[in-house]
Amino acid sequence: MLALNNVQVLYDRAIEAVRDVSLEVPAGAMVALLGSNGAGKSTILKAISGVLYQEDGEIVSGSIQLEGSAISGLSPRAIVQRGLLQVPEGRALFATLTVEENLVMGGVTRTRSETKEGLERVYELFPRVRERRAQIAGYLSGGEQQMVAIGRALMGKPRMLMLDEPSLGLAPQVVDAIFEAILGLNREAGVTVLLVEQNAQLALQVASYGYIIENGRIVLDGPAEKLRSNDDVQEFYLGFSGGERRSMRDVKHYKRRKRWLS
Ligand SMILES: Nc1ncnc2c1ncn2[C@@H]1O[C@H](COP(=O)(O)OP(=O)(O)OP(=O)(O)O)[C@@H](O)[C@H]1O
Ligand SMILES: [Mg+2]
């Protein structure tokens, strides 16, 4: 459904944030993109959504294809109209508007009855959001705001959803509720998902395939169960100790680990 081929992104014509990234998200799949702070995860999502120009970022080489046709260079609006929606990092709600107003903003191109249907779908998925629908979005808890952000994207009836660290800063119980909803969207509603996470433990439980990015490059990829049992991933991402070995390899690993955890 979505394919990136050797994508390179520069900010301010000088800072290379993403280098030679290729990845694929098959239709109907849930794919995870994992990496630590500053690895380039959000930059990749912004490149796909066509919003890099807002930050003086630019795709300088490579291609991005959605269902076989190139989308790099299209406006963010044109990309949304093709069914690809992003839930940005930090949720980016309109803090002074109510929950329902925020949701309606996500479906601006829709008719009145489509808006009503959309709201109903979101409220069914997140009963908490229905309860809070008349409240000012800025006063909601972090978890509720994340639900509204996902709900707002759903108002656009996406065929593919990209989520930027939906678990960030949330309590485990709230994270469970949100991930259950994401799983439901993928498995039941058939929405293709690209999930960006620092929480590898969680992401590799729900995704079928994963990519690990470090310093703007993909350093490892594979089926989720293979990544879960990979020694490096276990040691650096899943918090298992690698045993008693002492060698150069361990020292190297230790350095990498520090980078990953920075
Ligand atoms: N607007 C910008 N201008 C210049 N450099 C930027 C800009 N946005 C990001 N960068 C740089 O690009 C690199 C990748 O940043 P990005 O936000 O994509 O990382 P990330 O993996 O999403 O990190 P996090 O987990 O902290 O959200 C970093 O080195 C960052 O400093
Ligand atoms: Mg980010």
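**Figure 1. Asp12 in the loop between β1 and β2 of the predicted model**. At 47% relative accessibility, Asp12 counts as partly exposed, because that class lies between the limits of 20% for buried and 50% for exposed. Asp12 is not a glycine, yet its phi is positive, at about 50°. Most residues other than glycine have a negative phi.

**Figure 2. Glu67 in the loop between β4 and β5**. Glu67 lies between β4 (57-66) and β5 (69-70). Its backbone has a positive phi of about 45°, although Glu67 is not a glycine. With a relative accessible area of 46%, Glu67 is partly exposed.

**Figure 3. Polar contacts of ligand 1**. The side chain of Asn37 places an N or O atom 2.8 Å from an oxygen atom of ligand 1. Glu165 also contributes through its side chain, with a polar atom 2.9 Å from an oxygen atom of the ligand. Ala39 takes part through its backbone, where an N or O atom lies 3.2 Å from an oxygen atom of ligand 1. Taken alone, ligand 1 exposes 640 Å², and the protein buries 70% of that area.

**Figure 4. The shell of residues around ligand 1**. Ligand 1 is surrounded by 15 residues, of which Asn37, Gly38, Lys41, Ser42 and Thr43 are the closest. By class, the shell comprises four nonpolar, seven polar and four charged residues. Helix α1 gives the most to this shell, with three residues.

**Figure 5. Helix α7 and the span between its ends**. Helix α7 covers residues 172-187, 16 residues in total.

**Figure 6. Buried residues of α7 and the elements packed against them**. The buried positions of the helix are Val175, Ile178, Phe179, Ala181, Ile182, Gly184, Leu185 and Asn186. The buried residues of α7 pack against both strands and helices. The strands are β3 (30-34), β7 (160-164) and β8 (192-197). The helices are α4 (112-125), α6 (142-154) and α8 (200-206).

Technical notes
Residues numbered from 1 in each chain as written. Chains lettered and ligands numbered in written order. Predicted model: local features only at pLDDT ≥ 70, side-chain atom pairs only at ≥ 80, totals over all residues. Heavy atoms only, no water. Helix = DSSP H or I, 4+ residues; strand = E, 2+ residues; numbered from the N terminus. Expected span 1.5 Å × (residues − 1). Buried < 20%, exposed > 50% of the residue type's maximum accessible area, 1.4 Å probe, protein only. Contact = heavy atoms within 4.5 Å. Near = heavy atom within 4 Å. Polar contact = N/O pair within 3.5 Å; in protein donor to acceptor, adjacent residues only side chain to side chain. Areas by Shrake-Rupley, 256 points an atom, 1.4 Å probe, with all protein chains shown as cover. Nonpolar A, V, L, I, M, F, W, Y, C, P; charged D, E, K, R; others polar.
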